[in-house]
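Morning, everyone. Let me put the model up and walk you through it.

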Amino acid sequence: MSAYEISVISVIGINVILAVSLNMISGFCGQISLGHGAFYGAGAYAAALAMVNIGNPPLALLFAAVVGSVTGIIVGFASLRVRTDFLAVTTIGVNFLFTGFVRKQHWLGGEMGISNIPGSGLGASRNMIMILLFAAATVVFSLYISRSWMGFSFRAVGEDEDAAATLGISAGAYKLAAFGIGTALAGLAGGLYAFFTQFIVPDAFDFILSVMLMAMVVIGGIGSTWGVVLAAIALTLLPEAIRFVNDYRLLVFGGLLVLVIRLAPGGFAGAVGALARKVRKS
Amino acid sequence: MYYVDLAVTGVTFGCMYAMMAVGLALVYGLLRILHIAHAAVFALGAFVTVVVANATGSLALGFLAAIVVAPLFGMAIYRLLYEPLLSYRPDVPMIASVGLLVLMQDAFRIVFGEQGVTFHNNVYAFMTFNLFGVTVNAVQIAIVVAAAVVFTGLHLFTTRTRIGVAWRATVSRPKIAASFGVDPIKVRYLNFALGSALAAIAGGLVGLLNNFVDPSIGYVVSYKALAIIVLGGLGSVRGTLIASLVLGLVESYGTIFIGQWLDRDAIAFLALIALLMIRPQGFTGTRTA
């Protein structure tokens, strides 16, 4: 495999982890978060600092997941206070707060970020395999959660908090759990990203990235693990595939986003479901 | 006088934010959609103003053209993008809106270039007055006056005219308003037309203040105006005005006092999060489920 292919596949793996973990928060549990990039970034910076100071890759990944999860649970407390669109905008705020804070911190490298991060020591192709293994584990975990009692409770909270409360499901606890798990995975993805690029800047974790991740979830079909995995792969490959229209990439990308939503508002999963129903009827 | 200067800057930015955000608040109040593509309408207004003003040599014609073009575009967004998606979860039209914004921003970049367009004949950007020792720019005065006129006009329109009352009725109780003979679809078009016209005026004025319009002009609106309408209690015009002024002042003073730890946007959002934790329903909003 060429270096280009390895890097594209690595990015796909990282984006799958990010989109699937966001889907746990926003899809399963119904808590719209437009600040997933902040937790990803927190993980990346945590791993970078751990590698620069300690130099132990497994410890750095663990540290990344823990930092992601802790910031996620703190933001999760906000979701107990504000709901729906208020929460969406609060999480946008969290994203801007993260990038704005990091940009001004000298110990985090400021605008220039952190460079020369020691790699995982596995080499590019084995590093890619490690990323793919983590991505696969995330997908399996997500499928398991959605079939478990916890997944059932997440959906109940997402559909109707008050009705869930009547059934004795503690909405607050499950919201915090969704944020804690989802952002731990985002932090892990950040750690993998730090190994992959060995160079991080605040701009890599901005609001645009968070919107892109939410687009993966919505286009995939919110709540559907397979749909989201598919959308994550498609939306990562799309800018590469339309490289020939280099100067018009964003134009084409925006146009396709509008078209897909307009033609299949339920995302891939919704479109497949509708097709299956049509086939069964005929 | 330093602190007074900061206040002047803060109020100017606040008035600008208010005119950008009010369209967003109106759309949210009526349809519960976060209309992120409003930023594209704002940018379109700015570009139409500068292009027409340069072509005809008349700023007034530039603004007039923007006030005509932007509402048409806003109504087209409603008809072609939002109307078919109204029955889905609110994040679906929102993502479509983001897609449209990305598309439009890139279209502006391709048509007008990375550098954007500069006003050929803009004397106002460099005209300053000395009011009681405080230096004020002519465009800053125009922004504050425009905001005052617009919000007074909007207030009179919604309280004193039949159309305005029908509009408010539709926003608060769509079904009952419809049973009294108000056409809710016409109200939606009116809503998008008015909000877009205001965004276009704001866009033109921001262009005048900077003396140029570049493709990135809309990005600030896309996220900051969202923060403002949330702070204002989502859908409330009065709340939006208050929140805009508060945010303008917080940013203006904040960059001086805590500028070494956080950048301008982060300060704005820190204020937003802090206020939301205290008042989860915004300044004027009633508590929603």
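Who makes the contact? From H4(A), A:Phe86, A:Val89, A:Ile92 and A:Gly93; from H9(B), B:Tyr223, B:Leu226, B:Ala227 and B:Val230. Contact means C-beta atoms, placed from the backbone, within 7 Å. By class, the residues of this contact are seven nonpolar, one polar and no charged. Ala, Val, Leu, Ile, Met, Phe, Trp, Tyr, Cys and Pro count as nonpolar, Asp, Glu, Lys and Arg as charged, and the others, Gly among them, as polar.

Ground rules. This is a predicted model: local features need pLDDT of at least 70, side-chain atom pairs need 80 or more, and totals for chains, interfaces and linings use all residues. Residues are numbered from 1 along each chain as its sequence is written, while chains are lettered from A and ligands numbered from 1 in the order written. Helices (H or I, at least four residues) and strands (E, at least two) are DSSP runs, numbered from the N terminus.

Now the whole interface. 35 residues of chain B are in contact with 33 residues of chain A. On the chain B side, H4 (91-112), H9 and H11 (264-278) each supply at least two residues. H4(B) gives the largest share, twelve residues. That side of chain B has 29 nonpolar, two polar and four charged residues.

Next, chain B itself. Eleven helices, four strands. Its C-alpha atoms fill a box of roughly 55 × 45 × 35 Å along the principal axes. Of its 289 residues, 52% count as buried (20 or more other C-beta atoms within 10 Å; 12 or fewer is exposed, in between is partly exposed).

Last, two asparagines. A:Asn116 has a positive phi, near 55°. A:Asn116 sits in the loop between H4 and H5 (124-147) of chain A. B:Asn211 also has a positive phi, about 70°. The place of B:Asn211 is the loop between H8 (184-210) and S4 (212-213) of chain B. With 14 C-beta neighbours inside 10 Å, B:Asn211 counts as partly exposed.

Key. Two residues are in contact if their C-beta atoms, placed from the backbone, lie within 7 Å.
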